[in-house]
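Hello,

Here is the structure I promised to pass on. Please open it first, then read the notes below with the model on your screen.

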Amino acid sequence: ADLDAHAALADAVLEALQQRWHAPTADLQRALLVALRTHFEDPVLGGFHAAADDAEPAPFQRLKIFADEATPAGNALAARVLLRAGALTEDRAAIEAARRSLALAWPAIQQQPQAHATLLGVLEETLSPPEVLVLRGAGDEIETARSDLQKVYAPTRLVFAIPEAAD
């Protein structure tokens, strides 16, 4: 799969983990983030290539696409999910990868902000990081607390209810 598919799935899985923590799903999330960083990231210049480094057939040129089209750009989704997952796990390397992607896209964002709506959201979350709440405890107790917290409109809040038995 390409960057768009990997990043969209990683983003969706992180959202799903806010609804119900499931250890195998959390493992999938970690694996997707490793794949993003290993096969798509340009650790030198920043950003993420549209095609993996092991894509078959190998692309003639590995592009980096930042502008949204009918769907959000893979670079924007990758930056958002790395920023949010990094905030959850305190993974500074993931947060820095997101920031490098944003920095590389900055000239394009300045020229055509309307084409980079998802990256503008990433910029907002970079300047004002999301509130991350991790609830730990017995299943019923934390589920009630999670439900109560999610009733309040807080678009910059991430809530994870992780049972005490989970790693």
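**The second largest pocket**

The second largest pocket is lined by E15, Q18, Q19, R84, L149, Q150, V152, A154, P155, R157, L158 and V159. Please keep in mind that this is a predicted model. The volume of this second largest pocket is about 180 Å³. Three elements each give at least two residues to its lining: α1, α6 (139-151) and β2 (157-163). Sorted by class, the lining holds 6 nonpolar, 3 polar and 3 charged residues.

**The largest pocket**

Now go to the largest pocket. It holds about 420 Å³ of space. Its lining counts 23 residues, and W21, A26, R30, L88 and T89 are the closest to the centre. Find those five before you look at the rest. Two or more lining residues come from each of α1 (3-19), α2 (23-40), α3 (74-89) and β1 (131-137). Which element gives the most to this lining? That is α2, with 8 residues. The classes here are 14 nonpolar, 3 polar and 6 charged residues.

**A serine in α4**

Next, pick out S101. It sits in helix α4, which covers residues 92-111. Is S101 buried or exposed? S101 is buried, because its relative accessible area is 0%, and the cut-off for buried is under 20%. What does S101 touch, leaving out residues up to four places away in sequence? The contacts are G47, F48, F66, N75 and A79. Show these side by side with S101 on your screen.

Last, turn to helix α5, residues 117-127. Its buried residues are T118, L119, V122, E125 and T126. Look down the axis of α5: these buried residues fall within an arc of 110 degrees, so they line one face of the helix. What covers them? The cover includes α3 and α4. Now check the other side of α5, where E124 and L127 are exposed. Colour the buried residues of α5 one way and E124 and L127 another, and you can see both sides of the helix.

Start with the two pockets, of about 420 Å³ and about 180 Å³. Then view S101, buried in α4. Finish with α5, whose buried residues line one face.

Write back with any questions.

Best wishes

Methods
Residues numbered from 1 in each chain as written. Predicted model: local features only at pLDDT ≥ 70, side-chain atom pairs only at ≥ 80, totals over all residues. Heavy atoms only, no water. 1 Å grid on protein atoms, 1.4 Å probe; cavity = no way out; pocket = protein on both sides within 12 Å on 5 of 7 lines; lining within 4 Å. Points joined across faces, edges and corners; volume = space filled by probe spheres on them. Helix = DSSP H or I, 4+ residues; strand = E, 2+ residues; numbered from the N terminus. Nonpolar A, V, L, I, M, F, W, Y, C, P; charged D, E, K, R; others polar. Buried < 20%, exposed > 50% of the residue type's maximum accessible area, 1.4 Å probe, protein only. Contact = heavy atoms within 4.5 Å. Arc of directions from axis to C-beta.
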